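Here is a short report on a structure with several chains. Look at the model first, then read on.

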Amino acid sequence: MRPEPIFGMMAEFDTPTDVVVAAQRTTEAGYIRIDAYSPFPIEELAEAIGFHKNGVALITLIGGILGMCGGFMLQWWINTISYPVNIGGRPPNSWPAFIPVTFEMTILFAGLSAVFGMLVLNGLPMPYHPVFNVPRFELVTKDKFFLVIFSSDPRFDTIKTRAFLEGLGAKSISEVPS
Amino acid sequence: MVRPTEVEEGEDKAPVLAPGHSFASITDKISGLVLKRPLHLGWVAGFFVSFMVMQGVLFGATYLFVKGVGIWGVNIPIGWGFAIVNFVWWIGIGHAGTLISAILLLLRQSWRNSINRFAEAMTLFAVAQAGVFPLLHLGRPWVFYWLFPYPNTMGYWPNFRSPLVWDVFAVSTYFTISLVFWFIGLIPDLASLRDRTDNSFIRFTYGMLAMGWRGSARHWARFETAYLLLAGLATPLVLSVHTVVSFDFAIGIVPGWHTTIFPPYFVAGAIYSGFAMVLVLAIPIRKFYGVKDFITDRHLENSAMVMLATGLIVAYGYGMEAFMNWYGGNPYENYLRWARLHGPYAPWYLALLFFNIFLPQILWIRRIRTNPVWLFLISMDVLVGMWLERFIIVVVSLTRDFTNSAWGMYYPTRWDWAVLMGTLGMFCALMFLFVRLLPMISIFELNTLLPEAEVKHK
Amino acid sequence: MQIFHRSANTISKATIIAAVFLVGGLLWATIQLQRSPYVTYEKVARPQPVPFSHQHHVSGVGIDCRYCHTSVETSDFAGIPPTRTCMNCHSQIWAGAPMLEPVRESFRTGKSLVWNRVNDLPDFVYFDHSIHINKGVGCATCHGPVDRMPLMYNYASLQMEWCLDCHRSPDKYLRPREEVFNMRYEQPSGQKPMLMDGKVYTDQRSLGTDLIKKYNLRTVADITSCSTCHR
Amino acid sequence: MMEEKNRKQHVEAVCPSKKDKLDLETARARIAETKGPEYWRSLEELAGSTEFQEMMHREFPKGASEWADSVSRRGFMKLMGASLAMAGMTACTKQPLEPIVPYVQQPEEVVPGRPMFFASAFSLGGYASPVLVESHLYRPTKVEGNDKHPASMGGTDVFAQASVLDMYDPDRSQNVTYRGELSTWGEFMVAMRDPLIAQNAANGAGIRILTGTVSSPTLADQFAQIRSRYPEAKWHVYEPVNRDNVIAGAQMAFGQPVETTYKFDAADVIVSLDADFLYAGFPGTTRYARDFAKRRNPDAGNMSRMYVIESTPSSTGAKADHHLPVRASDIEPFARALVSGLGSAGGGGSLKGGQQKYLDAIVKDLQSHRGSSVVIAGDHQPPAVHVLVHAINQSLGNVGKTVFYTEPVNANPINQTDSLKDLIADMRAGKVQMLVIAGVNPLYDAPPDLGFADALKSSNIPLRVHLGLYQDETSQYCHWHINEAHYLESWGDARAYDGTVSIVQPLIAPLYGGKSVYELMALFAGQTEATGHGHVQNYWRSKHTGADFDAFWRKSLHDGWIEGSTFEPKSVTAKGAAASSATSQNDNSIEINFRRDPSIYDGRFSNNGWLQELPKPMTKMTWDNPLLMGPAMAERMGVKTQDLVRLELNGKNLTVPVWIQAGHPDYSVTCFLGYGRARAGRVGTGAGFDMYPLRFSATPWFTTGVKISKAGGTYLLASTQGYQTMETQDGDNRPLVRTRSLDEYQKEPNFAQEGNPPPELTLYPGYDYAKEPYAWGMTIDLNACVGCNNCILACQSENNIPIVGKEQVNKGRHMHWLRVDAYYQGDRDNPKAYFQPVPCMQCENAPCELVCPVGATTHSSEGLNDMVYNRCVGTRYCSNNCPYKVRRFNFFLFQDWETPQFKMMRNPDVTVRSRGVMEKCTYCVQRINHHRIDSEVAGRKIADGELQTACQQSCPANAISFGNINDKNSQVSKQKSNQRNYGLLQDLNTRPRTTYLAEIRNPNPELEA
């Protein structure tokens, strides 16, 4: 019988340095479909697995601009088009008074786009993920660091990859069942 | 650079993080507070008491809706009383949280990492309290939604020239941003709790909240960007919020309100009272939850120094206000200055000066700065002082305005006090729940402070 | 360890999206409810003590509005006919009709008929018939085809946005004074041009604009000031 | 025609308009369900009963006190009201199904939705003030002055203004009662038959009728008939506030009780000896105020000068150019000195220090204005003073020029105190078989030493009948109580101060089916007509014989007075000088003055909430009658305002609070009558202190020898104006009331313009109002304003303004849209006083509008500062930002949303505000809209003067001008172009549409030096 199709091969490391080095080696070895996991953000790690730029900033910028324009246009439309009323002798488009709200709308939209942009790009929420099948993976939120080479990687091969990872000095290596 | 765990040569400051900790120890310690720590009688008692006090709001609000806002001391000419005073005060307290989590983050102040979490919680809960008052103080609270621009059958809209509408936008934005900022900061720690617990229900709950966070390097990258951007946005936001709040007065023509200096010194005052509240919370917490390792004397001292600085800015504000009243030669402003010092509310004003300006000066003394008991007392004093400041600004200004014939006095009723106390109760109750149910210190951010977190390049 | 089943991913995402739509939907629904006939009684006939048919009396018998609504040109209140007005005819016509018994009873006993108000504005709105009539707002413009209403219902929502629609641009609705009580009046169009003061109009806008001058209407700023309707 | 109408209202007066849903028929039905006493008792229980209080305590442990206050008198009803209010005023509720009720037969003259005006007359103390009553579908809603009538000229007085509330008062007695049990008019008539037959035999020896002062010719005629029927029957007259002294003075001087009237517009110099002729209650005050103000215009060049020597500060004293506070007993010496100073006989007497220089100045001034001066004495000054004053006026040749003598308006000018004494004597002697007390309340207000109460209680008078608007103190001890019909409900007639007769015609069928005094007296006069209308008409038919009677009658009804009924001036000759009455007083024995109350008169209006809450002209106090005391005396005694003191006089004790009144003479105190009622109704009962127990028949107005001692403790006094000075404690003097003396003004005519900002002083481009057809504006001439408070009540009545009760007033929550500030300046023992009416200023750069978050207050294109109650959410920000503090807030549900009577009383053209909304003066926008619509329908512009605000219309002094400031020829534009024109706090650049004309005083240079 054929073995279960697996999701990937997971290697465990003790320190940030180890996992970063390992990741760099892996990419150098030509693996492209890999990922690394850590209890806290490690800039080098993202670099190491070849993840260089993310779209969050752009989304935020767009959100901010939308908020700003929307905020001001709303007030302008209400006060000059929809229902212009004489308030304390002020002109309908008393724009200086509209600045505070415009500003707040900018912040609000930018902020929310940043958050939801991040979540969407990260594909969260994703309660189920194969890597959780590995019992030791729960330490990823404590003090352990993991490197995974996905079975979808063209160079992936159960035997070779395991050997390769051992070569990286992983504490332990386990198959990630899908 | 100097590691937070170490101390510079010759410098006799406490470290930001007590030495001898590892990723594991920090994680276990903090998650343990939520998962392992048994339910102490102290917590139960404290929660019960604050929950009872919280009823003040519920009774107060119920009776208010039944009878009308007249149950409060407000009248003509003093149209705004405790409600607005408390509103400004609570909002101000909220500001420290954002300052710590956002501004100090941008300034790369590593010591923020161990206090930002509960400071942010404090922000949320304080703003929640503040939010109660604008609603309650309305004559007809049941039509509060007219302050929002929603498509309505009247074809009529809010008046965007009114600072109160600015308030609506500023405060709701502030609350929303603070909430998401706080929540995404929680996600990795929720995941950590998910993985630490043995109880399947707890695991399921935290698992849901953690949204399947797995610490992927890609996720971390985007996470960091978003977090940083939020900090960058929250910084101008927090400044704008109290500026807008100060506009409620500065835009008005009432003597004592109509002052351009309000925005800066409202913000300074906000941070002043905010840090006072941080200390009032931090000192007992680190004692009862034994997290002195994470919230060290260094934190207390830094906070104290921030208070000292902002306190001086506030003092400058008072001075400048009085000077301008005199120098500006406006008879109404000038009379108000006189009335503050000699009028019926003079004792309140003098008390304000003592609490806010004179007493805190002892923070210049190092020994006081590092003594939790003293700090706790002074923080309390500042909280009272800042409340008084808002009382002087809001109420006393209104008692003596332009037309002598319309001068009046303000006497708070039992219901005014009930609601104020009630919000204090609600605030404490929420804090109790928070420290019980969520990691009160950011685990992952604390981890990054450890020397091991550094990647050594070979 | 794995806490959730595969499906959880889809479910959680779906839930979030669903929640967003639900909240949005509710808001939209409440806003719509405010405009719904349930709230406005728009086009909803009220029960009446006597099933009085405007259709019969107006288009059938051809009675002018002012025969019953006497004060419509002179007062804010259009007037509702006293029983005596009904009896003017119904003491001869249908004198014995059981349907009209309440009317006869009211006349005998001197006890007023109690109708249910159909076009009913909130108490804080002060509407004045006389000025609208005199500025060339037709009865039908607000009350609709009364001559085709077997049972009376209010034609419009009578909500503020509805009033404003005309107060913001009266030219959309004005008609010559002599046409005000004409139930079958049609606005001028290419097919049905209208002649007024020796000028031919083929569209409402131009007619309206001229009528605004002719009846020297107050400016839009004037008639959209709050105190025009609220005191 | 009129009675035709009345019959109709009996059938049904209905309110088809949605604005007045409640129809009279059902209203009366509802009232009928709850019979008189029960009606108010049930409500009283709801609020007052211990169960209720306890229940509230249980509900809201902390809130008990709030429930005790007078706002929530009708506790639960209020709550219902609140919910009702929410339903009524939120946008987010469904419009309830409402019925609409047509007439069965519509009266010809009725155009539903349009008010009608009927001429009538309100009388007080026998003197009629002619009025026009606004009627919405036969519901009287507002009283205006009769602008055609010489005694009114369109002005009114506060009592007339408030009378409409009296008519609807739910506390009024609503049934005939016999020994407290419900009965009927029919039963009463039956019960009277035998006794009257018995009296017939005895020539009516046992019949005694006690009434108030009567000027009604018809009533007088009825009494004549009664006398002819029962020769022995006696008609007694007693009112606590009477003019015995005036009549006695006239008797002494001329041997006949002539009426004295004045022409102040012909007077260059006015000397008032304790006469408060500019405040309501003084006969002819409305006309006098108008004439007085006419001569106070500094720009006309003939400004009059007024000296007021008075014993207690009054609004007349406030308007004086020279005000001299002296004890009442020192007035007579002063008068004598004046006489001798003017070199006529009967003078003599020396003066206290300080008074002499005033005297000399006054003498000089009078001598140089012979024939163009007025010397006038107060009603409460002893006859001698009146004699002296008559002498002075004669010697100055004022008679026939500025002072006139006519027949007495009073139909029965006897000494009322003596009349009451006689009655009591007869009662004691058992001579009285049948006592009829009509419209007076002697049990409450008779002098204590006469012992009327005991006489009535103990006496064995077999038949005691009381006719009154209320079940009051007196009615308890009468067998029969007949519920009286209010003057707005009944026919009658009365004479104005100048003798002109006005026909009193009913505006509505009696709400509670009451009977008028005419109908009661007809019983004794043996008249057969059923209706008061019959009596009045028949009397005049007998006077006006001729075919044209109907025309005459209709004209009289329409105009409001009877042509040619005005008294002609008669020449009288003085019978020599007066004997001294007052024995010279020891200066250090304290004098006490008794005065009618400026708000509730002698107590008859004490259940009238509008009057109770009306700030008294000088003290701005509401709901109470403290003891007025000068600052010097207060200092000596060491008492402060609100401290309780014990008064002791002839063995009678009273404990009352003190109010320190600047300008009150030393060694003298003043108290006001009419308070401390035991059975007034829900509003009046228990308010204030009853001063009658100290008021002995010998000394009705003032007496010395009262002992005053600190009683310890304080008593809350609710004043609407906490600070009555324009100086701030830091030495700054705010130019709120701008004032100069006449010659200063002539030197510096534009002094008032100081601080007037240039129009371009604004960041934004200003709104262009010039292009509008109308731009409404108002000016208030401070020189003309006499502080009579009319505007306040006119506004209250026109705009459905609620009252809030003493506690709320004290909290600063009174609701008057228009307030009259009183400011004192200078020497506290004799300060200058100024009045300043403050309505909404309708600022063009309104600070309130800017800050309203929901745009509930905005600016109309015609420059009105609109307030949209139904949009208001109640942040109160607008009020905070209003520098004039003219905005008023409904902190509770102040309006009564339940009582049907009040619903009928309200002006249907003004929204009834609910809880939690701001309200304010709108320049009577409902009137503006009505006139605009009418004028546009008629295709014309609103003519100047055609449109009047309520305050303007009621102002007797013509101090208020209102109109279109875009029309350069309008009255208001002319006023605004006056140099004296200034805006209150104009330095704030709010650009108020309401502006003031600075006050100019015309002091005597000699006294200034």
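## Chain A: contacts and fold

Start with contacts in chain A between residues at least 6 apart in sequence: 79% of them join residues at least 24 apart. Keep in mind that this is a predicted model.

Chain A has five helices and four strands. Along the sequence they come in the order β-α-β-α-α-α-β-α-β.

## Chain A: size and surface

How does the radius of gyration of chain A stand against that of a compact globule of 178 residues? The globule would have a value near 16 Å, but chain A has 25 Å. Along the principal axes, the C-alpha atoms of chain A fill a box of roughly 85 × 35 × 30 Å.

Of the 178 residues in chain A, 55% count as buried. The chain exposes about 7,700 Å², and carbon and sulfur atoms supply 65% of that area. Chain A carries 12 positive and 16 negative charges, and their mean positions are 3 Å apart.

## Chain B: a helical chain

Chain B has 15 helices and zero strands. Its radius of gyration is 23 Å, close to the 23 Å that the globule rule gives for 458 residues, so chain B is as compact as a globular protein of that length. The C-alpha trace of chain B spans about 80 × 60 × 40 Å along its principal axes.

In chain B, 66% of the 458 residues count as buried. Take the contacts in chain B with a separation of 6 or more: residues 24 or more positions apart account for 80% of them.

The accessible surface of chain B is about 15,000 Å², and 72% of it belongs to carbon and sulfur atoms. There are 32 positive and 25 negative charges in chain B, with mean positions 5 Å apart.

## Where chain B meets chain D

How many residues does each chain bring to the contact? Chain B gives 61 residues and chain D gives 69 residues. Together the two chains bury about 5,700 Å², with 58% of it on carbon and sulfur atoms. On the chain B side, K67(B), I76(B) and R140(B) lose the most area to chain D. Together they make up 14% of what that side buries.

## A closer look at Q842(D)

Q842(D) sits in the loop between β32 (832-838) and α27 (847-851) of chain D. Is Q842(D) buried or exposed? Its relative accessibility is 0%, so Q842(D) counts as buried; the cut-off for buried is under 20%.

Which residues does Q842(D) touch, leaving aside its neighbours within four places in sequence? Its contacts include H859(D), G863(D), L864(D) and N865(D). Also among them are K920(D), C921(D), T922(D) and Y923(D). R991(D), P992(D), R993(D) and T994(D) are in contact with Q842(D) too.

How values were computed: Residues are numbered from 1 along each chain as its sequence is written. Chains are lettered from A and ligands numbered from 1 in the order in which they are written. This is a predicted model: local features need pLDDT of at least 70, side-chain atom pairs count only at pLDDT 80 or more; totals for chains, interfaces and linings use all residues. Side-chain values use heavy atoms; hydrogens and water are left out. Helices (H or I, at least four residues) and strands (E, at least two) are DSSP runs, numbered from the N terminus. The radius of gyration is taken over C-alpha atoms; the globule rule is 2.2 Å times the number of residues to the power 0.38. Buried means under 20% relative accessible area, exposed over 50%, partly exposed in between (1.4 Å probe, protein chains only). Contact means heavy atoms within 4.5 Å. Accessible areas come from the Shrake-Rupley method with a 1.4 Å probe; for residues, only the protein chains shown count as cover. Lys and Arg count as positive and Asp and Glu as negative; His and the chain ends are not counted. The place of a charge is taken as NZ of Lys, CZ of Arg, CG of Asp or CD of Glu. Buried area is the accessible area (1.4 Å probe) that two parts lose on being put together, summed over both.
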